[in-house]
Amino acid sequence: MLMCRDLAVIASDYIDGELAGLQNLSVKLHLMMCGDCRTFIGNLRATTDLMKAHSSGQPDEELLRRIGERVAEALNARTSRASDNE
Ligand SMILES: [Zn+2]
């Protein structure tokens, strides 16, 4: 089962269509169930499009990776708080 933090790590590859079939399917299934990740993917896709539009070269993969890590950390913090409440 794909977790939010796993999705954050591979999100930029998903947007670029670089995931293998099974992994791509796992992301799609997760997005069907998880509104937070749908929002995250939407934001990341918008950011990616913006960067592609503003630079003639390659998108900054290092920056994308850092964004993914930030979101993963935020999701982890939120997830552990949520489980404390249960
Ligand atoms: Zn999620």
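The paragraphs below go from the overall layout to the individual helices, their packing, and a few selected residues.

The model is a predicted one. The protein contains four helices and zero strands, and from the N terminus the order of elements reads α-α-α-α. Of the 86 residues in the protein, 14% are buried.

Helix H1 covers residues 4-15. Its 12 residues should span 16 Å at 1.5 Å a residue, and the end C-alpha atoms of H1 are 15 Å apart, which agrees. Which residues of H1 are buried? They are Leu7, Ala8, Ala11, Ser12 and Tyr14. Around the axis these residues cover an arc of only 155°, so they sit on the same side of H1. Just after H1 comes glycine 17, which takes a positive phi of about 70°.

Helix H2 takes in residues 21-33. H2 has 13 residues and reaches 19 Å from its first C-alpha to its last, close to the 18 Å expected at 1.5 Å a residue. H2 is hardly covered, as the count of buried residues among its 13 residues is one.

How do H1 and H2 meet? Their axes come within 11 Å and cross at roughly 115°. That angle makes H1 roughly perpendicular to H2. On the H1 side the contact is made by Leu7, Ile10 and Tyr14, and on the H2 side by Gln23, Asn24, Val27 and His30. The crossing in which H1 passes H2 is left-handed.

Helix H3 runs over residues 35-54. The 20 residues of H3 should span 28 Å at 1.5 Å a residue, and its end C-alpha atoms lie 29 Å apart, which agrees. The buried residues of H3 are Cys37, Phe40, Ile41 and Leu44. Viewed down the axis of H3, these buried residues fall within an arc of 95°, so they line one face of the helix. Exposed residues are found on the other side of H3, namely Gly35, Thr39, Gly42, Ala46, Asp49, Leu50, Ala53 and His54.

H1 packs against H3 as well, at an angle of about 35° and with the axes 10 Å apart. This crossing of H1 and H3 is right-handed. From H1, the residues that take part are Cys4, Leu7, Ala8, Ala11, Ser12 and Ile15, and they meet Asp36, Cys37, Phe40, Ile41, Leu44, Arg45 and Thr48 in H3. The H3 side of this contact includes Cys37, Phe40, Ile41 and Leu44, which are the buried residues of H3.

Is aspartate 60 buried or partly exposed? With 13 other C-beta atoms within 10 Å, aspartate 60 is partly exposed. Threonine 48 is 12 residues away from aspartate 60 in sequence, and their C-alpha atoms are 8.8 Å apart in space.

Isoleucine 67 is found in helix H4. With 19 other C-beta atoms within 10 Å, isoleucine 67 is partly exposed, because a residue counts as buried only at 20 or more. Leaving aside residues up to four places away in sequence, isoleucine 67 touches Leu44 and Thr47. Isoleucine 67 and threonine 47 are 20 residues apart in sequence and 9.9 Å apart from C-alpha to C-alpha.

Valine 71 also has its place in helix H4. Valine 71 has 21 other C-beta atoms within 10 Å and is therefore buried. Not counting residues up to four places away in sequence, valine 71 touches Ala8 and Phe40. The C-alpha atoms of valine 71 and phenylalanine 40 are separated by 8.0 Å, although these residues are 31 residues apart along the chain.

Methods: Residues numbered from 1 in each chain as written. Predicted model: local features only at pLDDT ≥ 70, side-chain atom pairs only at ≥ 80, totals over all residues. Helix = DSSP H or I, 4+ residues; strand = E, 2+ residues; numbered from the N terminus. Expected span 1.5 Å × (residues − 1). Buried ≥ 20, exposed ≤ 12 C-beta atoms within 10 Å, placed from the backbone. Arc of directions from axis to C-beta. Contact = placed C-beta atoms within 7 Å. Axes fitted to C-alpha atoms, helices over the stretch in contact; angles between N-to-C directions. Parallel < 35°, antiparallel > 145°, perpendicular 65-115°, else oblique. Left-handed = near helix turned anticlockwise from the far one by under 90°.
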